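Please look over the sequence and the structure shown here before reading the report that accompanies them.

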Amino acid sequence: MKAALYHRYGPAETVSLADIPVPVPGPRQILVRVNASSLTTADWRLRASAFPGLTWLPGRLMMGLFAPKQKVLGTDIAGRVVAVGRDVTRFAVGQRVFGFVGHGGHAEYALVDEKAALVATPDALSDAEAAALPFGALSALVFLRDFARLRPGQHVLITGGSGGVGVYAVQIARAMGAIVTATASAEKLALVRSLGAHHVIDYRREEVSAARNAYDLVLDTVGATSWPGMLKALKPRGLFLPMNFTGRDLWHMLLARLTRGPRIALHVSGDTAEDLQAVLELHAAGKLRPVIDRHFALDDIVGAHRYVEARSRKGAVIIDVAPAVETARAA
């Protein structure tokens, strides 16, 4: 099978296509023929060893101190089950599935644990649309629902509202009944409005911290702001919630506890099949839609890495792993 491999950390050019054996599922694993995958912020950070702040050393220890342990990137996939292990009960051969698999998605076949954040793909979603959901939608859901405990009527500022996580954070916050303000560049403001933002800010023309006592929550999806910078914009017990954090944020969290003013919380989200089903429920209710920026062929994996690393995308970047005719038939 064709797969996009990287054997060392480095620039986009360290990833190249190669032929490797099709994996064989173990007792509790399934083999998925990948029709579509996404290339996310996590993929380029893993490839470049660009782990934010304090997560660099733990990241290298987990992923490989001197070279990557897992040679195939790709956390999100959509495709069809072609083989199952003898003890698998959740899935069957021929079933369309999608979800978060951790690694291995940038290949024609992916080996997935039965307990992974993988669910059946509804008929209403194409494989490309399904692959666009897990990374951004799961992160946005967990941060807003579980970490922020967002409530109806609260005012939330979402930085990076047109990004891979931001496009879903805007929709989910709106679905949860919040009053949503989102930042984006001028050419992306219309997209953010269409996703449900009540107010939009062109961050190149307007200072996001200029508001006073305005927000119950600031969800920073791209590392564009800081707790000290947003103190005046937050309400007295408002919450600053960064999705990427450094050692400076740990210091800020200590200061916040001492001052008893606006808070800061640091979390890392997980991925479960139950939360992915919650995402599907939002989609079925018409409250969440996949947002796809561009498609790349697997043969152009280097171009896809370059594009995502530039950090100017609008939603998901999809890798069309299967030939177009096969992907269309699967959908």
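This is a predicted model: local features need pLDDT of at least 70, side-chain atom pairs count only at pLDDT 80 or more; totals for chains, interfaces and linings use all residues.

## Basis of the report

## An open parallel sheet

An open sheet is built from 6 strands in the order β10-β9-β8-β11-β12-β13, and its pairing is parallel. The edges are formed by β10 (199–202) and β13 (263–264), each of which pairs on one side only.

Within this sheet, strand β8 (residues 155–159) and strand β9 (residues 179–184) run parallel and are joined by 4 bridges, with Ile158 standing opposite Ala182 in β9.

## Antiparallel pairing around β4

Strands of a sheet can pair through backbone hydrogen bonds in either a parallel or an antiparallel sense. Strand β4 (residues 76–84) runs antiparallel to strand β3 (residues 29–38), and 7 bridges join the two. The pairing of β4 with strand β5 (residues 96–100) is likewise antiparallel and extends over 5 bridges.

## Salt bridges

Side chains of opposite charge can pair when their charged atoms come close. The count of salt bridges in the model comes to 11. One of them joins Asp275 to Arg145, with the closest N and O atoms 2.8 Å apart. Because Asp275 lies in helix α8 (residues 273–284) and Arg145 in helix α4 (residues 134–147), this pair ties together parts that are 130 residues apart in sequence. Asp275 is buried, at a relative accessible area of 12%, whereas Arg145, at 29%, is partly exposed. A network of salt bridges links Arg145, Asp146 and Asp275.

Another salt bridge is formed by Glu187 and Arg204, whose closest N and O atoms are 3.8 Å apart. Glu187 is in the loop between β9 and α6 (189–194) and Arg204 in the loop between β10 and β11 (215–220), so that the pair links distant parts of the chain, 17 residues apart. Both partners are exposed, Glu187 at 55% relative accessibility and Arg204 at 56%. Asp293 and Lys314 also form a salt bridge, with a distance of 3.9 Å between the closest N and O atoms. Here the pair links Asp293 in strand β14 (residues 292–297) with Lys314 in the loop between α9 (301–309) and β15 (316–320), 21 residues apart. Asp293 is buried at 18%, while Lys314 is partly exposed at 31%.

## A positive surface patch

Which residues gather in a patch of positive charge on the surface? They are Arg151, Arg237, Arg260 and Arg263. Of these, Arg237 is found in strand β12 (residues 234–242), and its relative accessibility of 38% makes it partly exposed.

## Residues distant in sequence

Leu17, in strand β2 (residues 15–19), is partly exposed with a relative accessible area of 31%. Although Leu17 and Leu298 are separated by 281 residues in sequence, their C-alpha atoms are 8.2 Å apart in space.

Glu108 is found in the loop between β5 and β6 (109–113). Is Glu108 buried or exposed? Glu108 counts as buried because its relative accessibility is 18%, and buried means under 20%. Glu108 and Ser37 are 71 residues apart in sequence, with a C-alpha to C-alpha distance of 9.8 Å.

Definitions and conventions
Residues are numbered from 1 along each chain as its sequence is written. Side-chain values use heavy atoms; hydrogens and water are left out. Patches are made of residues with over 30% relative accessible area and no salt bridge: like charges are joined within 9 Å, nonpolar side chains (Val, Leu, Ile, Met, Phe, Trp, Tyr) within 5 Å. Accessible areas come from the Shrake-Rupley method with a 1.4 Å probe; for residues, only the protein chains shown count as cover. A salt bridge is a side-chain nitrogen of Lys or Arg within 4 Å of a carboxyl oxygen of Asp or Glu. Lys and Arg count as positive and Asp and Glu as negative; His and the chain ends are not counted. The place of a charge is taken as NZ of Lys, CZ of Arg, CG of Asp or CD of Glu. Buried means under 20% relative accessible area, exposed over 50%, partly exposed in between (1.4 Å probe, protein chains only). Two strands pair if DSSP finds at least two bridges between them.
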